[in-house]
Amino acid sequence: MVDAGAETVAPTRPLRRAEALSSTYRVQLRTPESDPDGKGFTLADVEELVPYLADLGVGSVYLSPVLSATPGSTHGYDVVDPTTVAPELGGIEALRSLRAACRAHDLGIVVDVVPNHLGVDVPEANPWWWDALRRGPESPYFSFFDFDTDPANGCDGRIAIPVLGSPEDVRELAVDTSGDEPVLCFYEHRFPVAPGTGEGTAQQVHERQHYRLVHWREPLLGYRRFFTVTGLAGLRQEDREVFDATHAEVRRWCAEDLVDGIRVDHPDGLADPVGYARRLRELAGDDRWLLVEKILAPGEVLDPAMPVDGTTGYDMIRLIDQVLVDRRGEEQLSALAERYCGGRGDEAQVHAQSAEIKREIVTSDLLPELARLARAVRREAAAGHDGAVSGDVAEDTLREALVSVVAATPYYRADYPVLRGTLPTILEDLHHDRPELAPALRLVGGALARGGESAVRLAQVTGAATAKAEEDRLFYRLGRLVSLNEVGGSPGRMGIPVEAFHLAMAEKAVACPLTLMALTTHDTKRGEDVRARISVLSQIPGEWAEFVEAVFAACPPPAEDAGYFLLQVVVGVWPDHGAPGERLRSRLHAYADKSMREAAVHTTWTDQDETFESGVHAWLDALLDEHTDLVAPFVARLSPAGRDNALVAKAVQLLAPGIPDVYQGTEVWEDSLVDPDNRRFVDYGPLASGAIARVGHPKFTLVRELLRVRREHPEAMARGAHVPIPIHGPAASDVLAFTRDVDGRAAVGMIARRRTAVVPAAALAGTVALLPEGTWIVRPDGTRITGRVDLGQLLSDTPVVVLGRDDTPGD
């Protein structure tokens, strides 16, 4: 007989391996060859860090790509041999040794893999690429690459390789016969020669190859690439043979249990991201943590058809950055953007500019991909008996229809199952708005409906166009508040209400409790602490306006839009005391070069305006040398609130639903900018020695405490709900507070204050937090609090407190 009054407790299932990871610490590996000092940062160096990371409270070591990459690679995403762990990093034995060391300290290992492409900048370094170029279709690796050998590609069916400086440079080719086989050379570039074709002049040899070297400006390309990077050639992962060959080493890692998690780089470039994820899950097993670098637009969700645990966290960066922005500053910042940058930077402008730039990208940088897509549409139309219609549609009209579809697509790609209906709606709208395109749209719609090559090519072009248009161009033009111009960001929006943030976190706890929570990555354009300081401008837009006017009057930039953008970065990285040293000066100049050329307004990578660029560099030097009396006081005004923002952001990242990643060096203050700056070496001496811990560094103390909290409360962190703490009083909207609850019982939590540049701690007097029942301990100082807590007192000396339930007997 069952006692109806007896309490029943559901048995707790063991934590999945993924759930037990707790947190990650991302390190950037570097081969000695890529390091000017010849030291590099290898797997053995990571192993030396393991005791420090374990003491910090980290759950897992998160490695950048470890497979053999292009010689001298500084990042590892240009893999040339996916079957080996790079010998320069220590090889498979070093990975095994690291695994043993991590196990001894109860740490997991997560590894980054790159399925979309291989590095081909140095052809002889990539044996598969070399053989495919040498033997053409007879090579077993020819089908591995996404080659375009359609005779209509403009290269007589050969593989176009854009490397020549001009069409006439074909005269500069030479044949090197010093080795076992002849090699075709163009200065430092070397290419294979097909068997039996090495006789005659270099030009005659060139004409006999399966490839054709062309001028890099010609709109010819014989292979799909990563975005517009010709040195990264796309792979056909939709072919099971290719998947098996490129994942043989990953399979070994799983078979030997060398890794606990896998991070997948750029799945949106693949023909079938969902199918790829399913194959990878089958290979890795249900227990391992799988993440995909999927950039979600605001309102977009990770497709549940992908059997993965989450994304790499760009969506989390967006939410945290937005919740720290003061919405009250929107109107003034928009007016300033209109004055200095020619547009208000609101959503309407962002969407319009994004669509316009997508058009520019598709009809220039991605023109070979557009041509290939158009050919696929015509082929599938002919196969579907729409040949008559196809013949009636001019090529430029068909391309305009395709460009219009790409420009109107609001996501990186719209073919995920969860986004069904997106493309039909776009076609419907275009029929209404552009009736002259109706025959071409009929052709496009008919081809897409067949779900063949056209649908795949469209998705791949859309993703590349969106990335290039937004991440690599528009986000270097928008100047309203550059801290929001991040990958996956929404700079057209200015702030998010606290209650909307809580709801987003609550939904994340249910839908993707094991997603990665990032704050800085190797792709962020400004590091977390730089963004945190720049976001303070939203709190003091009036003071910012006066500062800009004073700076531009004393030191006019060569163009106000570029100056306004760069000035935000300058104040974001300016040291708390004194002026920037030579190292920071050099980094700012490198950042200015990249940001100006990516923006492609006054200068570009391919058509550099040396006069304009020199003017910008002279302006920066003048700021650093002659106008520190203007900049330093304003930075002193920003810095305290910037550090408050940084601490609040870090606390949210480390306590919210998901698995947080501490990017290398971000356990202390950091001032990184866009890559390669954010992949600089970290000096671990003061960290590993305990010197930083002994001085009570505020960010380090917070990070260590929260990482340890996560390891102490695995259930709450892996499965707990995100529950807002009720806040009442005049400053309630400036407080961010929540707990992580398991089975309705709060385990840990945090309370933080926002807008600290304009709302002093004393202003929180009379604003109270209603804590969950029981006694709570403020960590790490041990103060006990309970019930109704006045936040003016609790947050008088700090912008954020971490709470842990007191589970001592009697509580």
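## Start at F612

Select F612: leaving out residues up to four places away in sequence, it touches P558, A559, A562, M596, H602 and T603. Contact here means heavy atoms within 4.5 Å. This is a predicted model, in which local features need pLDDT of at least 70 and side-chain atom pairs count only at pLDDT 80 or more, while totals for chains, interfaces and linings use all residues. Residues are numbered from 1 along each chain as its sequence is written, and side-chain values use heavy atoms, with hydrogens and water left out.

F612 sits in helix 22 (residues 610–626). Helices (H or I, at least four residues) and strands (E, at least two) are DSSP runs, numbered from the N terminus. At 13% or 11%, would a residue be buried or exposed? F612 has 11% relative accessibility, so it counts as buried. The cut-offs are under 20% relative accessible area for buried, over 50% for exposed and partly exposed in between, with a 1.4 Å probe and protein chains only. Now draw a C-alpha to C-alpha distance from F612 to A559: 8.5 Å in space, across 53 residues of sequence.

Select helix 11 (residues 367–383) and helix 13 (residues 395–408). Their axes come within 10 Å and cross at roughly 105 degrees. Axes are lines fitted to C-alpha atoms, for helices over the stretch in contact, and angles run from 0 to 180 degrees between N-to-C directions. Helix 11 and helix 13 are therefore roughly perpendicular to each other. Angles under 35 degrees count as roughly parallel, over 145 as roughly antiparallel, 65 to 115 as roughly perpendicular and the rest as oblique.Show side chains next. Helix 11 brings L367, L370, A371, L373, A374, V377 and R378, and helix 13 meets them with E395, L398, R399, L402 and V403. By class, this contact of helix 11 with helix 13 has 9 nonpolar, no polar and 3 charged residues. Ala, Val, Leu, Ile, Met, Phe, Trp, Tyr, Cys and Pro count as nonpolar, Asp, Glu, Lys and Arg as charged, and the others, Gly among them, as polar.

Move to helix 2 (residues 91–104) and helix 6 (residues 248–255), whose axes come within 12 Å and cross at roughly 30 degrees. Helix 2 and helix 6 are therefore roughly parallel to each other. Helix 2 passes helix 6 in a right-handed crossing. Which residues make the contact? I92, L95 and R96 of helix 2 and E249, R252 and W253 of helix 6 do. They divide into 3 nonpolar, no polar and 3 charged.

## Aromatic stops

Colour the aromatic residues. The structure holds 23 aromatic pairs. Rings of Phe, Tyr and Trp (its six-membered ring) pair if their centres lie within 6.5 Å; planes under 30 degrees apart count as stacked, over 60 as edge-to-face and the rest as tilted.

Pick F41 and Y684. Their ring centres are 6.2 Å apart and their planes at 25 degrees, so the pair is stacked. The pair links distant parts of the chain, 643 residues apart. F41 is in the loop between strand 1 (24–27) and helix 1 (43–56), and Y684 in the loop between strand 18 (659–663) and helix 24 (685–688). F41 counts as buried at 13% relative accessibility, and Y684 counts as buried at 10%.

Next, F186 and Y187. Here the ring centres are 4.9 Å apart and the planes at 70 degrees, so this pair is edge-to-face. F186 is buried at 5% relative accessibility, whereas Y187 is exposed at 57%.

Then select Y340, W544, F547, F552, Y564, W619 and F634: they form one aromatic cluster.

## Backbone checks

Most residues other than glycine have a negative phi, and most peptide bonds are trans.

- D675 to P676: a cis peptide bond, with omega near 5 degrees. P676 is in the loop between strand 18 and helix 24.
- R779 to P780: a cis peptide bond, with omega about 5 degrees. P780 is in the loop between strand 23 (768–779) and strand 24 (783–790).
- F227: a positive phi of about 55 degrees, although not a glycine. F227 is in the loop between strand 12 (225–226) and strand 13 (229–234), and counts as buried at 13% relative accessibility.
- D257: a positive phi of about 55 degrees, although not a glycine. D257 is in the loop between helix 6 and strand 14 (261–264), and counts as partly exposed at 21% relative accessibility.

## Last stop

Select A762, in the loop between strand 22 (745–753) and strand 23. A762 is exposed, with a relative accessible area of 65%. Finish with the C-alpha distance from A762 to V113: 50 Å, at 649 residues apart along the chain.

Terms used
A crossing is left-handed if the near helix is turned anticlockwise from the far one by less than a right angle, and right-handed if clockwise.
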